[in-house]
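Dear colleague,

I am handing over the structure we spoke about, and below it you will find what came out of going through it. Please read the notes with the structure open beside them.

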Amino acid sequence: MELFDLRPMLAPALSLACGIIVFMVGDRPFWRRFWSLGAAAVKLAIVFSMLPGVLNGTVYRYSIVEFTPGIGIGFRVDALGMFFSIVSSSLWLITTVYAIGYMEHEHERPRFFGFFALCVSTTVGLAFAENLLTLFLFYEMLTICTYPLVIHEETPEAMAAGRKYLVYTLTGGVFILLGTAVTYQWAGTLSLAGRGILDMSAGAQGLTMLFAAFVVGFGVKAAIMPLHGWLPSAMVAPTPVSALLHAVAVVKAGAFGILRVVFCVFGVELLRELDITMWLAAAASFTIVTASLIALTQDNFKRRLAYSTIAQLSYIVLGAALLTPLAALGAIVHIANQAFQKITMFFVAGSIQRTTGKTNIHELAGIGYQMPFTMGAFTVAALGFIGIPLTAGFVSKWYLSLGAMDGGHWIFVVVLIVSSILNAAYWLPIIYLAFFKITPGTHMRIKEAHPTLLVPTLVCAAYVILLGSLAEVPGMPLSLARTAVEYFFGM
Amino acid sequence: MRRALIIALLVLAAVPLLFGVSQLPPIGSTGNPTYTHVVPRYLEEGAEEAGAENIVTAVILNYRGYDTNGEVTVIFTALVAVLGVLTFAKATAAKSEPAEETPVPAPPMPVSPVTRFIVRILAPFILLFSIYMVIYGHTSPGGGFQGGTIVGALLIAVSLVSGSAQAKRLLPERIRPWLQPAAVLAFALVGVAGLWLIGPYLSFPVEGELVFLRTPWLTIIEFGIGIGGAAIVASIFWAMEGSD
Amino acid sequence: MRVLWTNIDYAASVVLFLIGLYAVIAKGNLIKKLMGLNIMETAVFAFVMATGIVTGGDAPILGKGAEPPFANPLPQALILTGIVVALSTTALALSLIMRIYERHGTIESDDLWGVE
Amino acid sequence: MDGGHWPAVLVVTPLVGAALCPIIGRRFPNFAGYWALGVFTAVSVAAGAVTYAVSTNGPFSYHMGGWPPPFGIELRFDEFSASVAVIALIGWLAILYSLSYAKHAVPEERLPYYYALLLLCLGGMAGFAVTGDIFNMFVFLEILSLSSYALVAIAGERIAELASFKYLVMGAVSSLTILFAIGFLYALTGTLNMGDLSVRLAGVETFPAAVAVAALTLGFSVKAALFPLHIWLPDAHATAPSPVSAILSGLVVKVGVLGMLRMYQMLYDSQVFDLKMLNDTLMWLGAISIVMGALFAMVQEDIKMMLAYSTISNIGYIFMGLGLASTFGIIGGAVHVFNHAIIKATLFLGAGALIYQTGYRDLKDLRGIGKAMPVTSACIAIGAVSIVGIPPTAGFLCKWYIALGAIEAGRIFFAVTLLFGALLIFVYYIRMLNAFYFTPPLHAHLMDVGEVPLTMLVPIVVLAILCLVMGVFGRIPLSFIEPAVIDMLAPLGG
């Protein structure tokens, strides 16, 4: 059932408006907080109000303008988009609270919070994009809106990182635009509503090139190796930015784009026929293993997180590339699971940095005594990444493995297991350091982070467990993901 | 070296151009498209339709009057442009920065009494001739431009022999701004009259009871062009001379 | 070649045009450049006028005693306009050159590059 | 005749208004600007009226002097002529902007001439856009060129006269080339009316026609500053007063494009010879222009120089669109004529505002200006994002269309060049935005300057809003221009 509804448009528009208001209130802390939080809450409410309908298979749509038939800006809320938008907007609320605490003494706060709000507005627009052009449009806007956040420090290092970020993502954008144009030429439409708009008539070779263009384009943001270079550099941004954007909004936009391309532009059938996704799966597997290995060598906390992100993102890509329903389910659900886990970790890293000033892992000895709750949250997230049952990470790995076996690709199950081991190898030492290694001079007194930092961290950690243990409860992300998968595979 | 290169390039460009012109319809033949397509109507009916026995004038002022309207605007533009570039040039030059070497203005050349005498003697005749050219432009060679330019040249000659101040008295400061755009205004006047009485902008009566208006209108335009041309040519000269 | 001979007027104006272009490009002195421009203008006028030539044609002034064939009046009308345009361009160019000389003390383009 | 006598009002009013401008300026020195504004308001109304007439009833023509087309001069209004609407819009805003700006930038005694020249320039452009007669086109081209040359020099900046002279020489040579081509066409066909020409060109000798087309292309390319014929542009556009730069960059170079469009209309119609070579040349030159313009712009420090080089890139886009000879490509190119005018006017007027308030032109001196002049800087930022072609701004749509056109024509390479060219362009605009927003100011006193007067701010803001609106409602110009392009390409059997 398709319903014409204002809400798909309202969600991004409202946060856009709030972003502009945040710019305009300038340096008045109360109103800035009011509008930032208010926007987050209102948008979350709007998004959630559509949830029951989407679960029942209703699709909400709203189109703003059409340039020519088939090309225009339109929004359409289906299960996949809903999934992504719920993740991003609930995390936005949490991160905003965190950011208010974190950015207390930073400069240029109006700019920061303004662009922060704009980013999330564009993320929701991206999630609700009705066609490839709208998707591209918000994808590019996201790039632009993130740039000021990345270079927030305005140090030469930050500027360099910002430049790198732009070069990577805009180049990716060019590939997407090119792919979009070619798609339009071949398919005559750009709609993302169906199960694939292209067909074999364009020739296998051309389609392969097109697929490659899309993968390269979205792969930049999804940080598939070797297109990941910008992500570790972008860690110079303030932690909330790294948390929300480099764990959720930006990188997931890339992964989300790949999902859209695989399921809605090409469609499962066509890709099976073309038999090209194994290359993507191989690239993803390579990324998973290599990035994990690099992460092992990183001492800077945030850089290790960054490489972990790179590895985790490829789970999603891998799941999409396997082209089996269960793998797809694992991929989609991993969007949420990875987001909550990674954001917990970023919050922890940020809290530690703000409270103790430590940014490197070897300095963290005994920190668990000083900040037990924070490190407790970290432990939960780390277990999630390793894939211990009852945490979120287990759910996605479980389905990914099932999906891989379904398709008869044992090798990828091995990759997932190796990845789990590697995850254990780079997260557990931190836990060990924090709780069990007491060097002389360790503060044994509890000195937790400020509540505005701690509470969001704990909430996210709680979610990690919730997503893992109550995954099958209706209304949880898994049910949404299932709705999406059932549609894409025509089940 | 550079020159040789340029010459080589130009020679290279000459080849297709010359080949191109060799394939154009032969010059002078009455069978050319230039002579068989549009022009016959001008030659056959121009005198009656457009009201000027001189067909060139008929084309300039009537058939393609709008072109001429543009053309008088071009020369007016030139005047405004020259004034815009030169007005108070020295003040700005001094304000911005001194030139590396201030050019010394050449002292005015003494004018021989013979020249002065001859210019003075000839001046009225030149003026009369130019008025003749303007008035009879539509029946004989001549026209507003030609007449106007002659007056302009006369004014320049007078400026040269007896100084600009003298010449400017012929074209006083008070009315000069009104005379400079005379051609544009004359066109506008006739054009709007045509718009009001007949049809589109710049329409001339072709037949009927209004046809008597044709000659006066042509004359108005011719005089406008003449006066405007003279004023503009002289004004440009004065502006360049630096006395304006 | 025979055809080119018939159209020798055109050919001459083409050559003149290129000579003018040579002066515009190759000459350093701004006045000479302007002269080159004027040569080009003249060449184009000659070219357009040549399209209106009619062998044995009379001036296109009707009235008593006028006998066809007449010369083509249209190019004459066009070129009258063209001349005015050329005059205007020249006037503006000259005043620019005057200002350049006043300000920089030279009108050799080689010397003027340094100014920029 | 649909459209009544508005066509005559459109072309004649600015010329007469300009003729009276010095008189009024002499009598009431402060009034010249308002007079120009008033005159141009009338012109804008007429432009709106004819555009409306075209959009409701389709193309129509107006016979000057009442003579039927091949004999008299015809004003032809089709979708391409509707560029008068943009001329009216940008011109009006530029004049409004000048009311404050020119008082400082232009010596007081020259002000009446400044406004007269502005009116002549805009009027010439309007006349050029609507004429259906190829010689008349030349006449109006000259009105517009002459006034542009003078406008470059009028502020009397240091190298203004040199820049103007360079512009004049190149411009005059190109005008003569065009006139030469007109002579060729006349000798071949015996007519000057474009519609008639396109019919009569059908049977003529191919080679002379090709020479004429080459000469026209050359002439219009110089006017449009297509690489490598752009050398006059940067100095001229950078030294002119900012409202003039906006007009020159936004509108005057587009005259070359419009001329090309007119030429194409004739050629496609008459099918006199295969245009593949011409199209390929234009495409390549367009591609090179995009890249070279961007590369030159990257090394500039002066903000207006940067913008001037950016114009060369954008002209490259347009010519690439024309050369593609596919429906989408030409639509994209033609609409970019409109959109680039708006965007570039935003940028130049914005840059002018910065220079007006601070007196600095180099990026490093303007650091941190984003806080001191938030509105202006925001508008420049919108313009910058728009010209790069980041959606959903005006610039994006055109690039999208040209890219589609390239793919439609099977020329993926050009689509790639175009899109990567956009990235190159972004490199220097991001430098500009970095300087404005993300770097600490070099001059502390810069923080104390405020916004510009309202008459300057309003045009900038209006144009910046248009940059966004044209992106979102881009369909309007696109669907407006579409029938003309389809009509134009119809003889190709496409």
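Two residues are counted as being in contact if their C-beta atoms, placed from the backbone, lie within 7 Å. On that basis, and bearing in mind that this is a predicted model, there are 4 pairs of chains in contact, of which chains B and D share the most contacts. Chain A, by comparison, has no contact with chain B, the closest C-alpha atoms of the two being 38 Å apart, and none with chain C, where the closest C-alpha atoms lie 33 Å apart.

Helix 1 of chain D, residues 6–27, has 22 residues and should span 32 Å at 1.5 Å a residue, which agrees with the 30 Å between its end C-alpha atoms. There is a kink of about 35° in this helix at C21(D), shortly before the proline P22(D). Because 17 of its 22 residues are buried, helix 1 of chain D is largely enclosed by the rest of the structure.

Helix 6 of chain D, residues 160–189, should span 44 Å with its 30 residues, and the 42 Å between its end C-alpha atoms agrees with this. Here 30 of the 30 residues are buried, so helix 6 of chain D is also largely enclosed by the rest of the structure, and just after it G190(D) takes a positive phi of about 75°.

As for confidence, chain B averages a pLDDT of 83, with 90% of the residues scoring at least 70. Within chain B, the mean is highest in helix 5 (residues 65–86), at 91, and lowest in helix 6 (residues 89–96), at 48.

Best regards

Technical notes:
Residues numbered from 1 in each chain as written. Chains lettered and ligands numbered in written order. Predicted model: local features only at pLDDT ≥ 70, side-chain atom pairs only at ≥ 80, totals over all residues. Helix = DSSP H or I, 4+ residues; strand = E, 2+ residues; numbered from the N terminus. Expected span 1.5 Å × (residues − 1). Buried ≥ 20, exposed ≤ 12 C-beta atoms within 10 Å, placed from the backbone. Bend = angle between axes of the 7 residues up to and from the residue. pLDDT = per-residue confidence, 0-100.
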